[in-house]
Amino acid sequence: MKYRKLGKTGIEVSETSLGTWQVGGKWGSGFNDALAEQVINEAIDDGVNFIDTADVYEAGASEAAVGRVVRSRPEEVFVATKCGRQINPHVNEGYTVDVLRKYVEDSLKNTGLECLDLIQLHCPPTEVYYRPEIFELFDRLKDEGKIKNLGVSIEKIEEGLKAIEYPNVKTVQIIFNMFRQRPSELFFEQVQKKDVGVIVRVPLASGLLTGKFSSDSTFDEEDHRNFNRDGAAFDKGETFSGVPFEVGLQAVEELKKVFPERKNLAPMALRWILDFPEVSCVIPGASKEEHLKSNLEAVKLPSLTKEKKAAVNQIYHEYIKKHVHQLW
């Protein structure tokens, strides 16, 4: 494993870390505690020292599993969780200091941890980023010893640029991959200037970039890849990175020509992300050991050649850009 600095947190995190949205099983399949603990333990065994979760993942079951495993291990493992998405309806007015404080305290109880290494606002409405009192709360929580660092998980680049105007925002979690390239422009320039850590989520475009899907692929009824392609439940950019499924399949067929030696494109897709020095870590999910090993392979791969990068960019411009670039 290799490690990178997580911005001005000072923490050194594993380049390939672990996201736990579906760690206890496939999306929509229910949560299996034993499976979740197995995957998390295996990740730590392989050098992963940063685990991302959220209070809403499987109604707190994911967060609790992360806490159980981390408390049982002798290694120093950093836990990041998120708060805010329990607010229903999920609107600006629902974000209050009292509500967010309770969520943080609930996460401490659920994980069994004395202090959260990183708490992140979980894709709040854009208006929230213009409310200093929300961000000031986390300074108080830090003074009380309940959190160490504050970050945000965002949908739109503009939200990230606004968030990092607050000096206590030390990390930004953002969707960035071969099919969502816009962050590499102004956003990366600004986070580098301000020494903000970048945590890359949805790095495989909900599995599209593994190269394993086809037009015949089906998904469970409760899987967001089945019901959220047009944003019926939450921002459609969370599902296949906002790329129409059939368009994504066409682009993946072109990517296979760029990497003909690869039956599984996932390690190359993650390596492409890690070739950007502004990235602190990627947090792909894993619902079984096979996925975990595939993700961790990216750390061992050499950087992509200029020719390969140019080919990936050409595919993005030809197939993907018009569908996503201006939206997020």
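**A tour of the sheet, its helices and its cysteines**

Start with the open sheet: 8 strands in the order β3-β4-β5-β6-β7-β8-β9-β10, paired in parallel. Select its edge strands next, β3 (18-19) and β10 (281-282); each pairs on one side only. Strands here are DSSP runs of E, at least two residues, and helices are runs of H or I, at least four, numbered from the N terminus. Two strands pair if DSSP finds at least two bridges between them.

This is a predicted model: local features need pLDDT of at least 70, side-chain atom pairs count only at pLDDT 80 or more, and totals for chains, interfaces and linings use all residues. Residues are numbered from 1 along each chain as its sequence is written, and side-chain values use heavy atoms, with hydrogens and water left out.

Now select 150-153 and 169-175. These are β7 and β8, a parallel pair with 4 bridges. Zoom in on V152: V172 of β8 stands opposite.

Move to the helices. Select 97-111, helix α3, which lies across β5 (78-83) and β6 (118-122) and runs at about 145° to β5. Then select 132-143. This is α4, lying across β5, β6, β7 and β8, at about 160° to β6. Angles run from 0 to 180 degrees between N-to-C directions, with axes fitted to C-alpha atoms, for helices over the stretch in contact. Contact means heavy atoms within 4.5 Å.

Finish with the cysteines. How many disulfides are there? The count is 0, taking a disulfide as two cysteine sulfur atoms within 2.5 Å. For C123, the nearest cysteine sulfur is that of C83, 11 Å away. C123 is buried at 6% relative accessibility (buried is under 20% relative accessible area, exposed over 50%, partly exposed in between; 1.4 Å probe, protein chains only). For C281, the nearest cysteine sulfur belongs to C123, 16 Å away. C281 is buried too, at 0%.
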